[in-house]
Structures are given as structure tokens and as C-alpha cells.
2 protein chains.
Amino acid sequence: MSTSAEAVRDVAVRARAAAAQLAPTSRADKDRVLLAMADALLDRSVEILAANAEDVDAARAAGTAGAMVDRLTLTPARLEAMAAGLRQVATLEDPVGVVVRGSVLPNGIRLSQVRVPLGVVGIIYEARPNVTVDAAGLCLKSGNAVLLRGSASAARSNAALVAVLRDAAAAGGLPADAVQLVPGLDHESVKHLMRLRGLVDVLIPRGGAGLIRAVVEESTVPVIETGVGNCHVYVDAEADLDQALAITVNAKAQRVSVCNSAETLLVHRDVAAAFLPRVLAALREAGVTVHGDEAVRAIDPAAVPATDDDWAAEYLSLDMAVRVVESLDDAVAHIRRWSSGHTEAIVTRSLRASQRFVATCDSAAVMVNASTRFTDGERFGMGAEIGISTQKLHARGPMGLPELTSTTWVGIGDGHLVS
Amino acid sequence: MSTSAEAVRDVAVRARAAAAQLAPTSRADKDRVLLAMADALLDRSVEILAANAEDVDAARAAGTAGAMVDRLTLTPARLEAMAAGLRQVATLEDPVGVVVRGSVLPNGIRLSQVRVPLGVVGIIYEARPNVTVDAAGLCLKSGNAVLLRGSASAARSNAALVAVLRDAAAAGGLPADAVQLVPGLDHESVKHLMRLRGLVDVLIPRGGAGLIRAVVEESTVPVIETGVGNCHVYVDAEADLDQALAITVNAKAQRVSVCNSAETLLVHRDVAAAFLPRVLAALREAGVTVHGDEAVRAIDPAAVPATDDDWAAEYLSLDMAVRVVESLDDAVAHIRRWSSGHTEAIVTRSLRASQRFVATCDSAAVMVNASTRFTDGERFGMGAEIGISTQKLHARGPMGLPELTSTTWVGIGDGHLVS
């Protein structure tokens with residue numbers, strides 16, 4: 001039987017009530033519960049690991065690929081890492097109540113813009129159970145109630161983790177309903193969640209491009225798009241070619257399955273003859289299959305002919321599209337056309353070129369003489385991230401605690417009237 | 001014949017190209033064009049007023065109500081005000097390039113978060129032609145291309161205004177396509193616009209609740225909700241009742257057709273006996289029809305019995321819902337249930353009560369001992385506003401120039417690799 005709209009609505013109504021209770025909660029109370037949650041994950045590891053073992057057995061029986069089974073599997077060390085993540089969130093500044101700006105108006109009203117929780121945050125995600133704990137911790141610290149909709153394959157693990165987190169919240173005097181699973185594992189369950197505008201303040205899909213597109217298309221709840229990365233490295237006419245070589249290989253091959261790895265290399269024609277033979281050899285050595293345009297294939301006939309599908313691809317694999325461009329502006333035009341808006345890198349010694357690239361690219365992050373792989377909440381010093389936004393509204397790039405808040409204008413007068 | 005998807009897509013593609021050109025444009029160039037636009041509105045007032053006269057004649061012939069005809073009508077004085085608005089926008093700080101935060105990471109990368117234009121902004125609005133000029137000026141200053149979709153009743157006025165603005169942009173060396181009308185006046189035209197995710201970065205509907213709801217429901221382009229105001233005044237047990245009386249009448253009756261006017265009065269039971277007779281008399285004297293609960297009707301039997309429709313209403317008229325509440329928390333619960341999230345006011349001498357009200361209401365603005373009518377971009381010192389957001393993502397409350405931007409992370413390294 002498919003999940004009813006009422007069942008999903010019911011958890012959202014309870015989340016809303018929990019959010020109202022969380023909003024004025026002090027940092028001390030929230031941190032105490034975060035630490036208690038970390039302890040509880042370890043204290044109750046036997047029941048969590050038993051639930052996870054059932055998920056893992058079911059995945060193996062269903063013939064799930066080894067890499068997916070690995071991502072699903074919890075171990076004492078992984079539980080310890082999840083607990084450490086919660087303890088780290090406890091050390092971060094509370095974003096709620098931070099004054100963004102303020103002044104005394106000419107009429108004497110004291111005006112300030114203050115960070116407040118978003119309210120109810122919905123997270124829709126795929127297999128990894130650590131997202132359950134990370135998201136719950138970040139939402140609690142930022143004063144939000146969270147609705148978690150994980151995948152069917154991790155259902156028992158997620159249920160066990162959420163039970164532990166809810167108990168710790170309640171024991172610490174905070175509402176257990178601050179952390180809830182969305183009922184149901186069918187598509188109806190997500191569909192109902194996406195229609196709860198007014199009850200749910202934002203949905204954050206974390207997963208593949210297909211999941212994200214489906215949520216964006218169907219949701220009336222505001223959505224923050226995350227994590228699709230078709231990132232580019234552009235090697236300028238004035239690049240240090242040694243740096244360019246190292247950055248290209250690092251951005252492509254250091255870890256291929258992540259959204260901040262590079263998928264396309266653009267090379268200025270003035271350095272193509274000097275750079276392409278070196279970089280193509282280095283990429284081949286790193287195990288990368290090159291998909292090249294005519295100019296690239298003239299140098300390396302073994303390169304696969306590149307099509308528009310290659311310029312558009314988020315490979316997440318040992319593949320890279322390579323193209324020779326006429327100019328920096330040509331490179332930017334390519335990027336504006338094909339990029340997912342995640343991260344672009346330029347390698348150049350020219351100040352003017354770096355400035356123009358930064359001013360004309362239209363992506364969440366632009367790196368100058370550095371690998372695309374640096375776009376990451378922890379590397380940016382945020383302490384933790386709930387995802388990397390590739391949209392322009394609200395938050396762009398790595399999202400930490402402040403990005404999980406809204407603001408309220410507070411005006412303090414003494415009988416002030418508008419005339 | 002209904003407007004084709006291709007025709008709407010075509011203007012969006014041209015807007016996107018214009019946006020790429022606008023993004024790196026200097027403040028000086030943008031301000032010069034804004035001033036030239038202001039001059040051109042006055043220089044070409046004859047053709048603008050002639051086009052407007054045709055709209056006004058058609059509206060009269062169609063039997064449009066007088067107030068609506070008045071809002072549609074342009075005069076030399078109103079053109080002068082529109083020109084003055086553009087000149088004022090030229091005096092405001094350019095939000096593009098402002099560094100929001102930045103630091104040097106432990107690895108030496110210089111990281112900064114910089115304001116950038118959103119890109120292409122779509123505005124869907126009703127009768128008033130001044131929105132055409134205001135929106136174009138604010139979008140240009142913030143480096144955005146704008147797609148304007150006004151109402152059929154103002155079509156000739158909007159076409160004349162946009163022609164003048166485009167000519168001034170082109171004469172100043174900026175792309176004319178930075179300011180465009182969306183083709184078509186049928187519902188299909190808006191429908192196509194709402195499906196252009198990826199080409200249009202944000203849609204801002206300005207108008208009645210019905211328009212806004214329709215856009216929110218149907219759009220795949222991210223939307224910023226504006227302007228629906230069911231605002232509350234809460235008179236606390238420890239209120240200065242003279243201030244409470246003046247603020248209530250000001251918030252309700254100073255101007256009734258605006259989103260920041262108050263629609264509901266909540267009175268703490270401890271002061272109901274002292275305050276209700278006075279405020280009900282004052283409201284009656286101001287011409288206000290009161291819709292009251294039992295306690296109110298016990299004092300004023302002439303009050304209309306209030307229903308849930310009254311608690312939910314954005315009257316925009318000389319009507320006010322009045323209710324006696326048991327406590328501050330009871331008032332907040334009422335507000336959280338029924339408010340549109342625009343502005344709430346508390347009248348109290350108690351610091352603790354004011355703090356709790358601010359911390360537990362969930363609206364874009366909270367006024368303490370001041371009229372709800374203060375929530376306004378100009379009154380907040382922003383210089384101009386494109387609307388008042390009642391949603392929590394991206395911008396909340398009056399939206400000025402910074403709210404028309406996104407951000408990009410810029411990292412400057414020297415061959416930095418991830419290991």
C-alpha cells in the first residue's frame with residue numbers, strides 16, 4: 001500500500017511544533033544534546049550495527065554492487081567518526097541570533113537583522129547512513145527540525161540511528177520530533193513531502209543528478225540544488241605549465257567520484273603545442289580516458305572523439321573531455337554553456353586574465369592556480385557542510401551552519417508611528 | 001493565437017547573453033546609463049504619455065474601477081518621480097564585487113566570498129507602470145538582465161517605457177537586451193516563462209495573493225514570494241496602553257491598501273477590560289469595522305463575529321479582526337498559525353516579553369513598540385526595494401540591491417593541490 005499524504009503531513013506538523021520549541025533554545029542546551037547524541041551512538045552501537053547488518057545482507061542478496069555495499073556498511077570505526085562529527089558541530093558557533101547588520105534609523109528605531117532558524121528542513125538522500133547523523137546534527141545546531149528521507153536500502157540503519165538520536169534529544173529536554181524519518185519508502189512518500197509548502201521550509205536533495213532534477217521539477221517547497229559538478233580547468237596562454245599539469249591531474253584523478261573533481265580541460269591554443277603532449281601523457285599514466293576535439297586528436301589519435309555529450313558530462317570516472325580554445329573569453333563561453341555551475345579553475349600567471357576569468361565565469365566557486373578539489377566546506381574552514389549548492393538563490397557553494405538559517409528584521413521603537 | 005514557448009525562450013536567451021555582458025560592467029558605466037534613462041523618460045514624455053492614454057482609455061471603456069484607472073495613469077509628475085527613482089538608484093552602492101567574508105586558509109589559499117549578479121531576473125506584476133522602471137533600474141544597478149511581464153491593461157505604457165529604457169542602455173554602450181518585455185499577454189506567456197529554469201535565475205511575482213500562489217505552484221524557476229501581509233499587533237499585559245492605542249490605529253488605518261498594514265489585533269486578557277473599550281471606540285472613529293471573538297463582542301455587540309476566515313484574511317480594507325488571548329505564548333501561537341509571515345508588532349514595557357516575542361514569532365519583521373507600517377525598504381534605509389519577501393530562503397523582508405545578488409567563492413592559490 002502506498003504511503004498516505006496524511007502520514008507524511010503528520011510528521012511535518014510535528015516537526016513544525018518541534019521547530020517552534022527549538023528556535024529559542026540556547027546554544028548550551030543544543031551542544032549538550034549533540035554531545036549526548038555522540039555518546040549514545042557509541043553506547044548503543046550493538047543495536048545500530050545489528051540493524052545495519054540486516055540492510056547489508058539484503059543489499060548483498062539483491063546483488064548490489066560492492067562499492068554500494070561498502071558505502072552502506074557501518075563499522076565501529078565509522079560510528080566513531082559519526083560521533084566525532086557531532087562533537088565537532090558542538091564546537092562550532094551557533095548561527096542563531098547572530099546580528100548580520102543593524103543601525104539606528106533617523107527616527108530613532110533601533111533596527112537589526114538577526115539570524116533565525118529556517119524552521120523545518122527536509123533532506124532527501126541516497127544510500128550512506130552517515131548523512132542521517134550529519135544532517136541531524138547540523139540542523140539541530142542551527143535550530144531546525146529535520147525530516148529525513150533516506151533510501152530503502154538503508155531503511156533499518158536509518159531507523160536505528162534516528163531512534164538513538166531522538167532518545168538523546170528527549171533525554172536532554174529537546175523535542176524528539178526535531179529529528180524524524182519521513183514515513184514510507186515508495187515514491188509517493190517523497191511526492192507528498194514535496195507538496196508540503198508552508199509546513200516544510202526547504203528541501204535539500206543529496207544524490208545523483210536524476211534525483212535532484214526530479215525534486216526540482218516536482219517540488220512546491222523551495223529547493224536547494226546540491227552537488228552536481230561538471231567542473232573545468234582552463235589553462236591560459238600565460239600559465240605556468242608545470243602548475244597546470246599538476247593541477248589538471250589532481251583535479252581529475254585524485255578522487256574521481258566526487259562533485260568537485262574536474263571533468264573538462266580547456267587549453268589556450270597558444271600553449272596547446274607545448275602543453276597538450278605533456279598533459280595527455282600524464283592523464284594516460286593516471287589511467288584517464290581522454291575525449292578530445294580535433295586539435296587534441298591530432299596530437300593523440302587514441303583520444304575518443306568528443307561530442308556535446310562529453311562537454312555536458314559529469315563523468316565521476318576516469319574520463320576527461322579536452323578541448324583547445326581560441327581565447328580566455330572562448331573558454332568562459334564554453335564554461336557558461338556547459339558547466340553545472342560548481343567550480344572552475346584557471347591556471348595563469350596573468351593578473352588581468354585571472355581577474356577577467358573570475359568576473360565572467362558564473363559558478364559557485366572559481367579557483368586561481370589551485371585544484372577544483374578545494375571547494376569543500378571543511379577545506380573552506382566551515383567545520384562541516386550539509387551539501388554544496390550549485391544554485392544562486394540563498395546559498396551558493398559549500399553550505400555550513402549559517403546557510404541553514406534565515407533572518408528576521410527586528411525594530412525597537414518607543415511608540416513610533418508612520419505619518 | 002497563444003504565445004509560443006519559442007518566443008519566450010528567445011527573449012530569455014538574449015537576456016542571458018546581456019547578463020554575461022553586464023556582470024563585469026563597472027559601477028560608473030551603470031550609473032551613467034541610469035542617469036541617461038532618467039533623462040530619456042522626461043525627454044520622451046510625449047510618446048510615453050500618449051501610449052499611456054491609450055491604456056487608460058481602454059481601461060475606462062472596459063469599465064475598470066476608478067482606483068485601478070488611477071494606478072494605471074501616468075502624468076508628467078509621475079514620470080518625474082520615476083526618473084527621480086532611477087537617479088536615486090544611481091547614488092546607491094554597487095552590490096557587485098562587495099566582499100562578504102574572506103580569509104587566508106591554513107594552506108595559503110586566499111579565499112573570499114564576493115557578491116555577483118543573479119543573472120536573469122523575471123518580474124511578473126500587475127497594473128502599475130512605475131514597477132517597469134523601478135525594476136529595470138534596480139536590476140541594471142545590480143548587474144542583472146530583467147524580463148518584465150506586466151499586465152495586459154498596461155501593455156502600451158510598458159512597451160513605450162521599455163523602448164525608452166532600451167534605447168538609453170544601447171546609447172550608453174550597455175546591451176539593450178538587459179531590459180526586455182516578455183512577449184504575449186496571455187497566460188501561456190507566463191507559463192512558458194515559469195518553465196525556463198536554467199535560463200531565468202529567479203522569478204519575483206508582485207501583486208495579489210492569487211498571482212503569487214499561481215507562480216509558486218507552477219514555476220520550476222526559483223521564486224521569491226513577496227508582499228502578502230496578514231500583520232498582527234499584540235498588546236501585552238505590560239503595554240503602555242496609550243502607545244498601544246496609537247500604534248493599533250496607525251498600523252490599521254494610516255493606509256489600508258498596503259501589505260504592512262495590520263489586519264489583526266491581539267489583546268492580553270489582563271488588559272482587555274481597560275484597553276478594549278478604548279481601542280474599539282478609536283477604531284470605530286477611524287471607520288474600521290471590527291470582527292471580534294466572544295470577549296470582544298461582549299464589550300461591543302456591534303462587532304461582526306470573527307471566524308477562521310477573519311484570522312486568515314489580508315483585508316487591505318477598513319476591517320480588523322480582534323481577539324483576546326490568554327498569554328504572550330497564546331498570541332505567538334495565533335500568529336504562527338495565521339500570519340503570512342510579513343510583520344508582527346508587540347506593544348510592551350517588559351524587556352522579557354519583547355525578547356520572547358522576537359525569539360518565538362516566525363516572520364520577516366518584528367516591531368517592538370512601533371507600527372507594522374515601518375517594514376519598508378526606504379524606511380529601512382535601503383534606498384529602494386524590489387519587493388518585500390515573505391519567504392525564508394535567500395531574502396526575507398524588504399529586498400534592496402544586495403538581495404538581487406548571489407555570491408561566488410574565489411580561491412587564489414599558487415599551484416595548490418589536494419592530497
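In the predicted model, chain B and chain A bury about 5600 Å² between them, 55% of it on carbon and sulfur atoms; buried area is the accessible area (1.4 Å probe) that two parts lose on being put together, summed over both. L393(B), W409(B) and V418(B) account for 14% of the area that chain B buries against chain A, more than any other three residues. Contact, defined as heavy atoms within 4.5 Å, links 68 residues of chain B with 68 residues of chain A. This is a predicted model, in which local features need pLDDT of at least 70, side-chain atom pairs count only at pLDDT 80 or more, and totals for chains, interfaces and linings use all residues. Residues are numbered from 1 along each chain as its sequence is written, chains are lettered from A and ligands numbered from 1 in the order in which they are written, and side-chain values use heavy atoms, with hydrogens and water left out.

Between chain B and chain A there are 10 salt bridges, each a side-chain nitrogen of Lys or Arg within 4 Å of a carboxyl oxygen of Asp or Glu. A salt bridge joins the side chains of E217(A) and R195(B) at 3.2 Å, N to O. Helices (H or I, at least four residues) and strands (E, at least two) are DSSP runs, numbered from the N terminus. The largest share of this side, 11 residues, comes from β16(B). Its residues divide into 32 nonpolar, 21 polar and 15 charged, where Ala, Val, Leu, Ile, Met, Phe, Trp, Tyr, Cys and Pro count as nonpolar, Asp, Glu, Lys and Arg as charged, and the others, Gly among them, as polar.

Strand β16(B) also takes part in an open, mixed sheet of 10 strands, ordered β10(A)-β9(A)-β11(A)-β8(A)-β7(A)-β12(A)-β13(A)-β16(B)-β2(B)-β1(B); two strands pair if DSSP finds at least two bridges between them. The edge strands are β10 (304–305) of chain A and β1 (99–104) of chain B. Strands β13(A) and β16(B) run parallel and are joined by 5 bridges, with M367(A) opposite G411(B). In chain B, 8 bridges join β2 (residues 110–117) to the antiparallel β16 (residues 405–416), and S112(B) stands opposite V410(B). Helix α15 (residues 351–360) of chain A lies across β7, β12 and β13 of chain A together with β16 of chain B, at about 165 degrees to β12(A). Axes are lines fitted to C-alpha atoms, for helices over the stretch in contact, and angles run from 0 to 180 degrees between N-to-C directions.

A further open sheet in chain A has 4 strands in the order β5-β4-β3-β6, with parallel pairing. Its edge strands are β5 (179–181) and β6 (202–206). Strands β3 and β4 of chain A are joined by 5 bridges, and I123(A) has L148(A) as its bridge partner.
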